Amino acid sequence: MELAWRGAELGLLEELLAAVRSGGGRAALVTGSPGTGKSALLGGFAERAGRSGALVLSASASPAETDLPLGVVGQLLSGATGAPARTADGPAALHDVLRHRGASAPAVVLVDDAHHMDEASARCLLYLCGRLAGTGTVLVLSARPASPSPAGPLPLPLAELLRHPRCTPVPLTVLDEEKVAGFLAAPAGGAMDTATARRVAPHWHRFTGGNPRLLHGLLDDHRACRPVRPSRPVAGTAFRRAVTHCLRGAGAPVASVARALAVLAGTATLTLLARLLELPERTVAACLEELDAAGLLDGGRLRHAGIRAAVLEELSAGESAALHTTAARLLYDNGAGLASVACHLVAADTTTGGRPAAPQWAVTLLAEAARQALAGGGARQAADFLRTAHRSGGGEGGELLTMLARAEWEADPAAVVRHLPALERDLAARRPDADDAAGAVGLLLWHGHPAGAARAVSRLGDVDRAGETASALARIHRYVYPSADDDDGGGGRAVTGPGHPAAGPPGDTGEDMGEDMGEDAERVLASIVYDHAPPVPVAAVLAALLYAGETGRAARWCALTAGADRSRATPARRAAAAAAAAVVHARTGAYDHAAGYAGRALSLLSPGAWGVAIGMPLSAAVLSATRTGAHPEAAARLRVPVPDAMFRTRAGLHYLLARGHYHLAVDRPRAALGDFHACRDLLAGWRLEPRGALDWRAAAAGAQRALNGETGADGTPVAGLTLAERRVAVLAADGCTNRAIAARLYVTTSTVEQHLTRIYRKLRVKSRTDLTALLAARAR
């Protein structure tokens, strides 16, 4: 066995063997923490001694045989005689065998893990150690360091043996960086060449603390996965198994301290560890020294997450829950941060599947920790806290459900869907306060539950603040769902395609809300930037400003949402801000910017997570792609599934308009006209005037002309051109270049080229000269 990294220690043992050949006897005590290679050193020495002709007798003590009298001596005598050992003659038996065999060749007696030896065997070896002269024997024992043992004092004969003055000390420590490089490049390992081993040695040393057993495990994992970057160690199954073996070799008290360290993580102190384990501090301190000597610690903490995970794997579910629950209480009593305490409560709840329920003090603490996490942008952590609190119940059950739904919306809006039925039932059974109702209404509106949102608003109390909140929420509710107060609570049938009219009679709730609506829209937009309340479909509310012609105000809020506090920028908020920017840029003609923002918004959340608000980023994406001639991109966006409830909202109205423009651009005037007429019917049903971004009339007229042109209504091929195509044809016939036409019509050069291709095909001409002649003849 090659042990290049233990060359000095092997050399010392070989010197003892050489001294024995000239007569006399020698003894050595190899000490080291678990995993430092005591067994490997004894094995390497035994192999070299055997090759030199020495008689090698070896034994290994075990904790399971501590109470077996003369168990170790029996192993040694069996190796000396080749027959079952007879130990009845007492301590002199081993001495006599060695004295007679030593006359012909030196003998090497090896006992591994001597600290687990039975008392009777310890007495025999103590007897032998005092009479080594004349036996020609080298006695080598391996044991843990002689520091105070957490497991208690050793039996007197064994303690005397391990500190016998004739024993030459051979201490083993963890390897330094140079020896780690030698370990990695050793011929037996064969994992790396010398240059690579020297380069990666610092990384592997930091990862293992230089512990040979951990290095062996890490090397096995390295061979198994062959990472592209060997300097980045991979902690796999073999490494975790090596950590477990080290802890088992250290004994139960040391393993318990390691588990407590893993549970407490960054909050661990000597006092907390002692209280958690109910052990004296001096015992815990001794265990920490052993862990540090084994290279498992760095700065008093477990070296890294891989070691921590390996330690925690050895805990049963019950042990883990008990440790985390006790740790939570200790930290709570010591005034630790709420998040630290809450994380332990969540861990205890997870390992037991939510049973038993957390105590009431824990429920209150979890709720407050969740509020703090939400304020700091930690939505996922807040959701974890609130799930644990909600499972435990308590007097705040309804409010906890609303908070949980809001936190999950921040982390992943799609996850809220499973809570909506319970949320509606809860709001119907109690009178929510203003904040509670505001959060619930936003969630219900987002996911297409206007009736439940309306009921939540109606149940607000009569106090001033609640009344103001109810009034603002009601106006926003009517803006997003203009006919949401119809009998079915949803504004009639959903408009899902061309030609579907908006059902339900015109109501009196879709009136233009003017300045009040603008103020409400700005209040909702402010919640994105300055508050942590979940916004209702933000892009749809932003469209209120655009509808009222307030493009400048809309752009200002768009900039504010884009520059909001990054520490609180959850995926949902980033997506809402990007959707708002896409809407503004699309309505102001900055289509390249709009496409970028829309793509970012749609990449941050899945279609199911958007709820009814998906109509806004999709409409911006479709309109931008259509205006820039990227028709395949527009078609791909239109294949994204949308909820039926979206077509009862203004977001659906924008979507229908964008889809209609796409149909018109790809020569589908009939489909386009169906979408524009659906917009007409929706606005009529909501009693809203078609103006600004919602004016469908000009586009519908173009679709009608194109539709008439398909049948040659005026007997000329020019009638088959769309309005956009006619504009391009006139400018081209006047001698304008494609770039000039693009500048005049605010489109891209690619769009002009596509229009000209369709114009030539429809008019059956081959050049601009033919086009000029045809249009001149038609004018005459």
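Predicted model: local features only at pLDDT ≥ 70, side-chain atom pairs only at ≥ 80, totals over all residues.

Tutor: Residues are numbered from 1 along each chain as its sequence is written, and side-chain values use heavy atoms, with hydrogens and water left out.

Student: How many salt bridges does the count come to?

Tutor: Side chains of opposite charge can pair when their charged atoms come close. The rule asks for a side-chain nitrogen of Lys or Arg within 4 Å of a carboxyl oxygen of Asp or Glu. By this rule the number of salt bridges is 21.

Student: Are Arg6 and Glu9 buried or exposed?

Tutor: Arg6 and Glu9 form a salt bridge, with their closest N and O atoms 3.8 Å apart. Buried means under 20% relative accessible area, exposed over 50%, and partly exposed in between (1.4 Å probe, protein chains only). On that scale, both Arg6 and Glu9 are buried.

Student: Which residue forms a salt bridge with Arg418?

Tutor: Arg418 lies in the loop between helix 19 (397-411) and helix 20 (420-429), and its partner is in helix 19, 10 residues apart; helices are DSSP runs (H or I, at least four residues) numbered from the N terminus. Arg418 counts as exposed because its relative accessibility is 54%. With the closest N and O atoms 2.8 Å apart, the partner is Glu408.

Student: Which residues are linked in a network of salt bridges with Asp667?

Tutor: Asp667 meets Arg761 in a salt bridge of 3.6 Å, N to O. Arg761 is in helix 37 (residues 749-763) and Asp667 in the loop between helix 32 (650-665) and helix 33 (669-686), 94 residues apart. Asp667 counts as partly exposed because its relative accessibility is 26%. The network links Asp667 with Glu725, Arg758, Arg761 and Lys762.

Student: At roughly what angle do the axes of helix 32 and helix 33 cross?

Tutor: Axes are lines fitted to C-alpha atoms, for helices over the stretch in contact, and angles run from 0 to 180 degrees between N-to-C directions. Angles over 145 degrees count as roughly antiparallel, under 35 as roughly parallel, 65 to 115 as roughly perpendicular and the rest as oblique. Helix 32 and helix 33 are therefore roughly antiparallel to each other. Their axes come within 7 Å, and the crossing angle is roughly 155°.

Note on methods: Helix = DSSP H or I, 4+ residues; strand = E, 2+ residues; numbered from the N terminus.
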